[in-house]
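This briefing goes through a single structure topic by topic, with the cut-offs given where each term comes up. Please keep the sequence and the model open alongside the text.

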Amino acid sequence: MMHGFIPPQRYFPYLTWPDIAAMSDKENTVIIQPVAAIEQHGPHLPLAVDSAIGLGVLGKTLETLNPEIPAYSLPNLYYGKSNEHYHFPGTITLSAQTLISILLEVADSLYRAGFRKLILMNSHGGQPEIMNIVARDIHQKYGDFLVFPFFTWKVSNIVAELFDEREQEVGIHAGAIETSLMLTLLPEQVRMDKAVCEFPPDSPPDSMLSMEGKLPFAWVTKELSQSGVLGDATIADKAKGDRILAALVQGWQQVITEVYHFQQPQVSTT
Ligand SMILES: [Zn+2]
């Protein structure tokens, strides 16, 4: 079915135009745009990992969300900005400019239809910056359009409870964390017999510069990993995946509920 992980009654493309024209509380209805990537995830995971994670988390969230809260998922944007994985075959990347244009034009169409709350639910670590730029630009253009540039993983601290510091800090791609969650969401597409452990070369201990820290250097994946994996995929565990999913779903239920009630702060002009 076209809706995949998303419950059909929460799937925006299944609505008709009269359904939308007749919606009662359109200003507070929460529209969610999942944004992901088609990019290499090592020898053991499919290209669609970020889409599977975003849609898996969102689908479970919408299944159990309070039915009184109007919230709809747009169709997933499978393509993202993935040029850090450029050198691995199968990666398909949009330019930053194209991704920005797509999201701005989606927002224009939603605004024209009367919607005023949009969550960008991004699941790919290479593009939170794009979400921030787009959200600011939409809100500056339409002052009454409230836009939320969220990263799927940021609603919970569960990863810190389940994995050691090294995995949390540099196990950022196709390592134990993503692989565990994939064992929960799409186990038939995980090839555990091909899973590897590969960490990027350590930075000198007294250096201020790091891959993902406060003062980062630009990198592409092939400089840091032969396999395309950053992390230890061999220790991935479905029981941990189940706990990650439950925690993310709980966080997303809360955040969608908050967005539904959210009103933009305004300085008083009296
Ligand atoms: Zn990923």
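Is His41 buried or exposed? His41 is buried, with a relative accessible area of 1%, where buried means under 20% relative accessible area, exposed over 50%, and partly exposed in between, computed with a 1.4 Å probe on protein chains only. This is a predicted model, in which local features need pLDDT of at least 70 and side-chain atom pairs count only at pLDDT 80 or more, while totals for chains, interfaces and linings use all residues. Residues are numbered from 1 along each chain as its sequence is written, and side-chain values use heavy atoms, with hydrogens and water left out.

**Zinc site**

- The zinc ion is coordinated by His41 through NE2, by Asp50 through OD and by Glu178 through OE, at 2.0 to 2.2 Å; donors are N, O and S atoms within 2.8 Å of the metal (3.2 Å for Na, K and Ca), and water is not among the atoms, so sites may look incomplete.
- Along the chain, the donors of the zinc ion follow the spacing H-x8-D-x127-E.
- His41 lies in the loop between β1 (30-35) and α2 (49-64), whereas Glu178 lies in helix α7 (residues 176-185), so the pair ties together parts that are 137 residues apart in sequence; helices (H or I, at least four residues) and strands (E, at least two) are DSSP runs, numbered from the N terminus.
- Glu178 is buried, with a relative accessible area of 9%.

**Helix α3**

- The 17 residues of α3 should span 24 Å at 1.5 Å a residue, and its end C-alpha atoms are 24 Å apart, which agrees; the expected span is 1.5 Å times one less than the number of residues.
- The buried residues of α3 are Ala96, Leu99, Leu103, Ala107, Leu110 and Tyr111.

**Helix α4**

- For helix α4 (residues 128-141), 14 residues at 1.5 Å a residue should span 20 Å, and the end C-alpha atoms are 20 Å apart, in agreement.
- Ile130, Met131, Val134, Ala135 and Ile138 are buried in α4.
- Seen down the axis of α4, its buried residues fall within an arc of 130°, so they line one face of the helix.
- The face turned away from this buried side of α4 carries the exposed residues Glu129, Arg136 and Gln140.

**Salt bridges**

- A search of the whole structure finds five salt bridges, a salt bridge being a side-chain nitrogen of Lys or Arg within 4 Å of a carboxyl oxygen of Asp or Glu.
- One of them joins the side chains of Asp108 and Lys141 at 3.0 Å, N to O; Asp108 lies in helix α3 (residues 96-112) and Lys141 in helix α4, so the pair ties together parts that are 33 residues apart in sequence.
- Asp108 counts as partly exposed at 22% relative accessibility, whereas Lys141 counts as exposed at 52%.
- Glu63 forms a salt bridge with Lys60, with the closest N and O atoms 3.9 Å apart, and both residues lie in helix α2, three residues apart, about one turn of the helix.
- Glu63, at 49% relative accessibility, counts as partly exposed, and Lys60, at 39%, also counts as partly exposed.
- The side chains of Asp242 and Lys238 meet in a salt bridge at 3.0 Å, N to O; being four residues apart in helix α9 (residues 238-261), they are separated by about one helical turn.
- Asp242 is partly exposed, with a relative accessible area of 31%, and Lys238 counts as partly exposed at 43% relative accessibility.

**Loops and surface**

- Ala174 has a positive phi of about 60° although it is not a glycine; Ala174 is placed in the loop between α6 (165-170) and α7, and counts as buried at 0% relative accessibility.
- The C-alpha atoms of Asp25 and Ala36, 11 residues apart along the chain, are separated by 28 Å; Asp25 is in the loop between α1 (17-21) and β1, and counts as partly exposed at 22% relative accessibility.
- Phe217 lies in the loop between β5 (197-198) and α8 (221-224) and counts as partly exposed at 36% relative accessibility.

Note on methods:
The arc is that of the directions from the helix axis to the C-beta atoms.
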